[in-house]
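Got a structure open and wondering where the labels on it come from? Let's go through some of them, one question at a time.

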Amino acid sequence: MKLGSLKGGRDGRLVVVSRDLAWCAEATHIAPTLQAALDDWANVAPALELLATDLAHEAIPMMRFHERAAAAPLPRAYQWADGSAYVNHVQLVRQARGAKMPESFWTDPLMYQGASDEMLAPRDPIPLADESWGCDLEAEVVVVTGDVPRGVTPSQAREHILLVGLVNDVSLRNLIPAELAKGFGFLQSKPASALSPVLVTPDELGDRWKDGKLHGPLKVDLNGQPFGRADTGVDMTFDFGTLIAHLAKTRKLGAGSIIGSGTVSNRGEDGGPGKPIAAGGLGYSCIAEVRTVETILDGKASTPFLKTGDTVRIWMDDGQGHAIFGTIEQTVAAA
């Protein structure tokens with residue numbers, strides 16, 4: 001089942017979307033918003049599944065699903081916590097600045113609490129007030145949970161994953177060092193992120209969802225050119241069950257919590273830094289990583305961060321050219 005929200009009101013209007021993302025059906029008679037559905041998932045999900053079946057058989061009124069008219073599936077959420085499951089990414093960034101990575105990073109996930117009072121729609125612009133802030137894209141996988149008990153185990157946590165999707169976790173790289181130096185983590189350097197047009201139930205993903213991980217190439221284009229094709233199921237040190245259990249160690253999680261994987265990152269074939277697509281590699285899921293590799297190999301970074309007018313596209317297809325979650329396509333705009 002694929003779920004989305006059309007723009008309307010602060011929390012959108014819930015729709016069930018066809019597998020090919022061409023059509024949708026109003027679901028507001030079942031639950032007015034996706035958050036309302038998540039709050040009562042055990043009772044609401046079966047009715048939504050029946051609606052999805054009727055939509056597939058064209059047995060109900062339906063309308064075209066236009067991604068440009070879609071809001072974020074969750075225009076605002078109770079929680080957005082982003083991990084760093086691809087430790088290869090962390091290792092490269094620290095190597096570039098000559099910092100030794102603690103061994104604990106391989107066994108204890110990194111995670112920060114992001115802002116979720118505004119989740120950008122998949123085609124909203126990226127507002128940027130100052131290009132000197134170093135605006136970067138971050139292509140990631142997200143899951144959305146139901147209510148999660150405190151102290152849940154990783155295997156138990158997987159059972160609470162209700163939906164899977166993608167996110168562009170925008171970062172302002174040049175603001176990060178000063179914030180981290182304060183010892184309190186990210187704030188100004190992490191503006192609003194954009195969600196994929198639809199979120200998908202794990203059963204809809206088939207073999208692509210296994211062991212708490214999404215598998216397949218996460219595609220990123222920058223200004224119309226291939227930038228990243230990293231496989232989300234490869235080099236993921238911590239699966240989503242582990243990330244959720246880490247977050248829930250001392251607290252309960254409310255239904256509608258969004259948990260991110262962190263920047264998807266694959267090692268090169270030789271175990272070292274990955275290569276650009278033009279050089280036969282899988283590329284990168286953020287600009288910071290290619291700048292890191294350039295620094296390691298050439299002594300300095302040469303790829304610029306995003307500037308006004310740059311366009312980012314993030315999607316995953318089903319192997320037949322159809323986007324599974326729809327496409328995040330954003331252009332940087334002066335704020």
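Asp 136, Glu 138, Asp 169, Arg 173 and Lys 190 are tied together in a network of salt bridges. Keep in mind that this is a predicted model.

Q: What makes the contact between Asp 136 and Arg 173 a salt bridge?
A: The closest N and O atoms of Asp 136 and Arg 173 are 2.8 Å apart. The cut-off is 4 Å between a side-chain nitrogen of Lys or Arg and a carboxyl oxygen of Asp or Glu, so the pair qualifies.

Q: How many salt bridges turn up in the whole structure?
A: A search finds 16. Another one joins the side chains of Arg 229 and Asp 221, at 2.9 Å from N to O.

Q: Why is Asp 221 called buried?
A: Asp 221 has 10% relative accessibility. Buried means under 20%, so Asp 221 counts as buried.

Q: What about Asp 235 and Arg 267: what makes them a salt bridge?
A: Their closest N and O atoms are 3.0 Å apart. With the limit at 4 Å, the pair therefore counts.

Q: Which parts of the chain does the pair of Asp 235 and Arg 267 link?
A: Distant ones, 32 residues apart. Asp 235 lies in the loop between β18 and α6, and Arg 267 in the loop between β19 (257–260) and α7 (287–298).

Q: Why are Asp 235 and Arg 267 called partly exposed?
A: Asp 235 has a relative accessible area of 23%, and Arg 267 comes in at 31%. Buried means under 20% and exposed means over 50%, so these two fall in between and are partly exposed.

Q: Is Asp 211 buried, exposed or partly exposed, and how do you know?
A: Asp 211 has a relative accessible area of 46%.

Q: Which residues have the most contacts inside the largest nonpolar core?
A: They are Val 164, Leu 166, Leu 214, Phe 240, Leu 306 and Phe 325, in a core of 66 residues. Helix α6 gives the most to this core, with five residues. Apart from it lies another core, of 33 residues, including Trp 41 and Leu 48.

Q: What does Phe 325 touch?
A: Leaving aside residues up to four places away in sequence, its contacts include Leu 21, Val 164, Pro 197, Leu 214 and Met 316.

Q: Why does the span of α7 agree with what a helix should give?
A: At 1.5 Å a residue, the 12 residues of α7 should span 16 Å, and the end C-alpha atoms are 16 Å apart, so the two agree. Among the buried residues of α7 are Ile 287, Val 290 and Glu 294. Just after α7, Gly 299 takes a positive phi of about 85°.

Q: How do you know whether the radius of gyration fits a compact globule?
A: For 335 residues, a compact globule would have a radius of gyration near 20 Å. The protein has 19 Å, so the value agrees with the rule.

Q: What else describes the protein as a whole?
A: There are seven helices and 21 strands, and buried residues make up 54% of the 335 residues.

Technical notes: Residues are numbered from 1 along each chain as its sequence is written. This is a predicted model: local features need pLDDT of at least 70, side-chain atom pairs count only at pLDDT 80 or more; totals for chains, interfaces and linings use all residues. Side-chain values use heavy atoms; hydrogens and water are left out. Buried means under 20% relative accessible area, exposed over 50%, partly exposed in between (1.4 Å probe, protein chains only). A nonpolar core is a set of buried Ala, Val, Leu, Ile, Met, Phe, Trp, Tyr and Cys residues joined through side-chain atoms within 4.5 Å. Helices (H or I, at least four residues) and strands (E, at least two) are DSSP runs, numbered from the N terminus. Contact means heavy atoms within 4.5 Å. The expected span of a helix is 1.5 Å times one less than its number of residues. The radius of gyration is taken over C-alpha atoms; the globule rule is 2.2 Å times the number of residues to the power 0.38.
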